[in-house]
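Here are my notes on this one, as promised. Have a look at the model first, then read on.

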Amino acid sequence: MEVAAAAVRRSLGQGRPLRCGLGLRGRWPVPAGGVSLRRCSTRGSLEGVNRPVIDRIIRVDHAGEYGANRIYAGQMAVLGRSSVGPVIQQMWNQEKDHLKKFDELMVAYRVRPTVLLPFWNVAGFVLGAGSALLGKKGAMACTVAVEESISDHYNSQIRTLVEEGPEKYKELLQVIKQFRDDEREHHDIGLEHDAEAAPAYSVLKTAIQLGCKAAIFLSERI
Ligand SMILES: [Fe+2]
Ligand SMILES: [Fe+2]
C-alpha cells in the first residue's frame, strides 16, 4: 500500500523537490510581450495545483503555439519576399517566444506534449502556405481566424485559472494574459492588412476556426 502511495506521490511530483530539467538557471528571456518569469519559478509550488487542469492547459497551449509557428513558417515560405514578409516575420518572432515559454513551462510543470505534434507540424505549415497561396489577403484572413480562436481560447483559460485560484496560478496567468494580448494584436494586424477582402473570407474564416476548435479539443486530451 505504502509503495503504491509513493508511486502516486511520485507521479504527482510530490514528496521531492521540483528539478528544472536542463539545469537552467537565471531568468527566462523576455519575449516580445514583455513577460518575464524566473526559471523554476514553480519550484515548491506544484503541491496543490489541479494536475488535470494544468496538464490540459499547458499541453494545448504548447500545441497551439507550435502550430502557430508552423503556420507562419508556411506563410513565410510563400510570401517571405513580398511586401508583407516583414509583418509576418514579426508575428512569427513573437510566436517563437511564446513556444519557447511553453517549452519551459512543460519542463517546470512536468507536462508531456500532445502526441499530435507531428501532425500539427504538417497541418500548420500546409494551412499557412495554402492561405498564402491565395495571396496576401488570404494569409491575413488565416491570421485573423487563427488568432481570434487562440485569444478566445486564452480568455477561457484565464477564467478557469481565476476560478481555480488567481494567487496559486499567478505566474501562469501572467503568461497567458500577455500572450492573449499578443494574439489579439496579431488579429488586429491581419485586419489592418485587408484580411476581410480575401476571397470567400467568411467561409475561409469559419472553416479555419472549426479546424482550430478540433485541434484544441484533441490537443487537450491526447
Ligand atoms: Fe502565440
Ligand atoms: Fe499569434
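The points below cover the annotated site and then the nonpolar core.

1. A word on ground rules: this is a predicted model, where local features need pLDDT of at least 70, side-chain atom pairs count only at pLDDT 80 or more, and totals for chains, interfaces and linings use all residues. Residues are numbered from 1 along each chain as its sequence is written, while chains are lettered from A and ligands numbered from 1 in the order in which they are written.

2. An unreviewed UniProt entry puts a "binding site" at Glu-65, Glu-95, His-98 and Glu-183. These residues span 119 residues in sequence, yet no two of their C-alpha atoms are more than 10.3 Å apart, so they gather at one spot. UniProt positions follow the numbering used here, feature names are shortened, and annotations may be inferred rather than shown by experiment.

3. Helices here are DSSP runs (H or I, at least four residues), numbered from the N terminus.

4. Glu-95 is buried, with 25 other C-beta atoms within 10 Å; His-98 is buried too, with 27. (Buried means 20 or more other C-beta atoms within 10 Å of the residue's own, with C-beta atoms placed from the backbone.)

5. Beyond its neighbours within four places in sequence, Glu-95 is in contact with Glu-65, Ala-68, Asn-69 and Tyr-72 (contact: C-beta atoms, placed from the backbone, within 7 Å).

6. The largest nonpolar core has 45 residues (buried Ala, Val, Leu, Ile, Met, Phe, Trp, Tyr and Cys joined through C-beta atoms within 7 Å). Helix 2 gives the largest share, twelve residues.

How values were computed
A residue is buried if 20 or more other C-beta atoms lie within 10 Å of its own, exposed if 12 or fewer, and partly exposed in between; C-beta atoms are placed from the backbone. Two residues are in contact if their C-beta atoms, placed from the backbone, lie within 7 Å. Helices (H or I, at least four residues) and strands (E, at least two) are DSSP runs, numbered from the N terminus.
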